[in-house]
Amino acid sequence: MTHTLRQSGTLLGFAAILVFLTVQLPGTFLTTQNLINITQQLSMLAVVAATMTIVMVMNDFDLSVGSMASLSGIVAAVLFSMGFPVWFGLLAALGVGLIGGLFNGFLVSVLGILPFVATLGTLTVFSGTAFLISDGKTIFGRDIPAGFSGFARAGIDINNVKVPFLTLAALAVIAVCWFVLEQTNFGRRLYAIGGNREAAYLAGIRVKRLRLVAFALTGLGAAGAGLMYAARVASANPTQGSGLMLDAIAAVFLGMTMSRYGEPRVMYTLIGVLMLGVLDNGLTQLRVDSYIREILVGLIVISAVATASFSKQTRRV
Amino acid sequence: MNHLEFRNICKSYGSAKALDGVDLSLRGGQVHALMGENGAGKSTLIKVLAGVVHADALTAKVDGIEITLTSAQAAQRVGFRFIHQELNIVPQVSVAENMLLGRTFPRRFGLAVDWRKVNARAQDALAFLGADHINVGAPAGDLNTGDRMLMKIAAAFVFDPVTDERAVLYVLDEPTAALTSAESELLFDVIGRLAATGAAVLYVSHRIDEVLRICDSVTVLRDGQLVSSGPTSETNKAQIIRDMTGRDVADAYPTAAAAPRPNLIVGMAGVSAGPLSDITFELRAGEVIGIAGLANAGQSILLETFMGLNPITSGHAQLQGGALPRSPEHAWKRGVAYLPKERRSEGLMLNMSIRSNIALPHLTGVQASVRRERQMAETLGRQMRLKCEHLDQPVAQLSGGNQQKVLFARALHGLPDLVLLDEPTRGVDVGAKYDIYCTVREASSKGCAVLMTSSDLPELLGMCDRILVLQDGRQAHMLDCDGLSSSDLLSYFYAPKAA
């Protein structure tokens, strides 16, 4: 009973928020167009949060995703401005994400540096690199090819509703993450590492290699999100991804309050992402000051996590 | 002499009765054993005495005066002292700090901690235990398992002028589970001295031989109810087992079904690896070799060598004609199964399901198959007589014995060629122990070679064909178990290697 109460607390909160916004914003909140807008606004965060879940399953986390997103946008934009074709810019940016993620994984699993310290370090490294190669300037206008930014504006018509490509891309990434974590033995092993790393190692799991791969996937996801962001605003600047990291971690934590034993699950992370996105959208429409919005979002995350841990029966320390 | 009376102790968790009207009567100067299988209510009873769990009903009297046990502080005030089974230590701080943890540290000018006094009090307590070889200034994490246990025990004897009334009751919760025979002897001596101070001693243990030897009386619980209580002189081993399990358990060890087969599984010749040296033995299919010695003579490290955790530096070692595995992953693939010593920290993912815990080393292919995992867990669980509600239950909810069975199920899937068992029955109750012995026997009769360590000498003698004795990492003796007694074996721990 307490279990289900604990698990459903966050969902009840989410439902309350939805009801509140529907009542407060009649005719503007609960419309197809607004909901589609929300999913588009959320698509970058969803990608980062879903791939962040992969490392958080192992009790690790990655602070560098935000600056990696910025860096990947910059890398693509700089290559575009030098006249390289779109596909080359995309591949190069994703390659940077993969290499950056592998570097994180190398620091954490091979050198054994705490994820907090290692990824805090690479956060500044990636961010510095982004400033360096962009000269600290925003790259925009004619430097960004229409084929790239057009992607973000286009979509597919389903029943006369235009579903944006960004939303579909995010859904695809979520589906892949869900499959990898829930349906493959790779995912089983990651959860085992999160459950007890030492025991997993002694049971024959290649802990080092798996952590390396997981961090690489998270880096790749961050780079993808950075490209989506750059396409959506048709420009790239070296700080545009920085807000993603805290929101992504918050979304995974919100999700963890809903799972049975407090472990991260991609689908619950998605609910966390939706909560943050809906709140942001609703409060903006209510013309709540953006600073107050930040305070509210922070308090909501804390209260969800606190409710979940207070109602755990065996909490002693 | 104190007289402690506890009447009608009841405690329910929801509809489950953990304790159902249990009476317990303890006399100062006497050692009283509390026995029962896991889940019988021993832990709950101890928690009630410690004031950590509030009984639904309880009348407690010390020398006829009623007392209340509503908090840990209240229990401390009336003079109850507890020594717990789990070795929870803070590894980075000193032994002395660990021993005084939770007490008021002596101060200078009421402000700064008086470290000299802290160390002196810890030193005195250790000296009382006869364990003054432990350096109170060293980080507790540097101590080996036996010394950690001694440290925890000594912590109960630290003199505290502020809160200390005289102790009237010492409760020892399975203190010998992690100790070797020699260390246990040290502890028995201490227990005698505790009783001599006039305090009552409540001694919780799974080891019946130990209880019969050092205890004056014994109380047995089963399913939360009192089954028997009386002097140890009026009972015996078979009776206690019957009381604990409610049935007759063939007390001894299941007999070996077949003689070892000729095919060689492990061959070691003059191997040195890390702290180990002179390791020379041959292990054949179906054979069980025990590894024995004083605490930390290298028993666990010898097992770890076969998991690739302790690379060999010289000598010739082979596993089925090949070199030893390079890593745990490699070892499992080569048919080596391992049951680590620390069930909770090295063996299990406590929050994960029984099914996942069993299947972990045996996952193959890319896509996960819940169906295959469930089949595997079901078959092995039945074979192990695993008691659980369902296979998706997290292992944290199981008793120690059943958790150990989960690890056995993991190890024995697919019938490995070599099974490494590090203290396979530690903290496991009698009934589950017997199941585990049968499993080991069955596996070895099917051709598994077994290497096992144990600090329980009768267990080694009952289960093994031969016993390898280590002294400081060096192989000193290889003994045939036929006709060997526990005391013979113990004397070989000290006897120098024959030239």
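The model is predicted. Chain A has 13 helices and four strands, and chain B is divided into two domains, domain 1 (3-245) and domain 2 (264-494). Between the chains, 20 residues of chain A are in contact with 23 residues of chain B.

**Overall form of chain A**

- Along the principal axes, the C-alpha atoms of chain A fill a box of roughly 60 × 55 × 35 Å.
- Buried residues make up 48% of the 317 residues of chain A.
- Of the contacts in chain A between residues at least 6 apart in sequence, 77% join residues at least 24 apart.

**Side of chain A that touches chain B**

- H8(A) has the largest share of the side of chain A that touches chain B, with seven residues.
- By residue class, the side of chain A that touches chain B holds nine nonpolar, seven polar and four charged residues.

**Domains of chain B**

- Domain 1 of chain B and domain 2 of chain B have C-alpha centres 31 Å apart.
- Their contact takes 18 residues from domain 1 of chain B and 15 residues from domain 2 of chain B.
- On the side of domain 1 of chain B that touches domain 2 of chain B, at least two residues each come from helix H5 (145-155), helix H6 (181-196) and helix H8 (237-245) of chain B.
- The residues of that side of domain 1 of chain B comprise five nonpolar, nine polar and four charged.

**Nonpolar cores**

- The largest nonpolar core has 167 residues, and those touching the most other members are Leu45(A), Ala46(A), Val48(A), Ala49(A), Met52(A), Ala248(A) and Leu420(B).
- Helix H10 (residues 207-233) of chain A gives the most to this core, namely 15 residues.
- Leaving aside residues up to four places away in sequence, Ala49(A) touches Ala248(A), Ala251(A), Val252(A), Thr269(A), Gly272(A) and Val273(A).
- Another core, of 76 residues, lies apart from the largest one and has Leu26(B), Ala75(B), Ala195(B) and Val204(B) among its members.

**Strand S9 of chain B**

- Strand S9 (residues 169-173) of chain B is largely enclosed by the rest of the structure, because five of its five residues are buried.
- In a regular strand, side chains alternate between the two faces of the sheet.
- Both faces of S9(B) are covered, with buried Leu169(B), Val171(B) and Asp173(B) on one side and buried Tyr170(B) and Leu172(B) on the other.
- S9(B) pairs in the parallel sense with strand S6 (residues 80-83) of chain B over four bridges.
- Within S9(B), Val171(B) has Phe82(B) standing opposite.
- S9(B) also runs parallel to strand S10 (residues 200-204) of chain B, to which five bridges join it.
- Opposite Asp173(B) stands Val204(B) in S10(B), and Val204(B) is also among the members of the 76-residue core.

Note on methods. Residues numbered from 1 in each chain as written. Chains lettered and ligands numbered in written order. Predicted model: local features only at pLDDT ≥ 70, side-chain atom pairs only at ≥ 80, totals over all residues. Domains from an automatic or database assignment. Contact = placed C-beta atoms within 7 Å. Nonpolar A, V, L, I, M, F, W, Y, C, P; charged D, E, K, R; others polar. Core = buried A, V, L, I, M, F, W, Y, C linked by C-beta atoms within 7 Å. Buried ≥ 20, exposed ≤ 12 C-beta atoms within 10 Å, placed from the backbone. Pairing = 2+ DSSP bridges.
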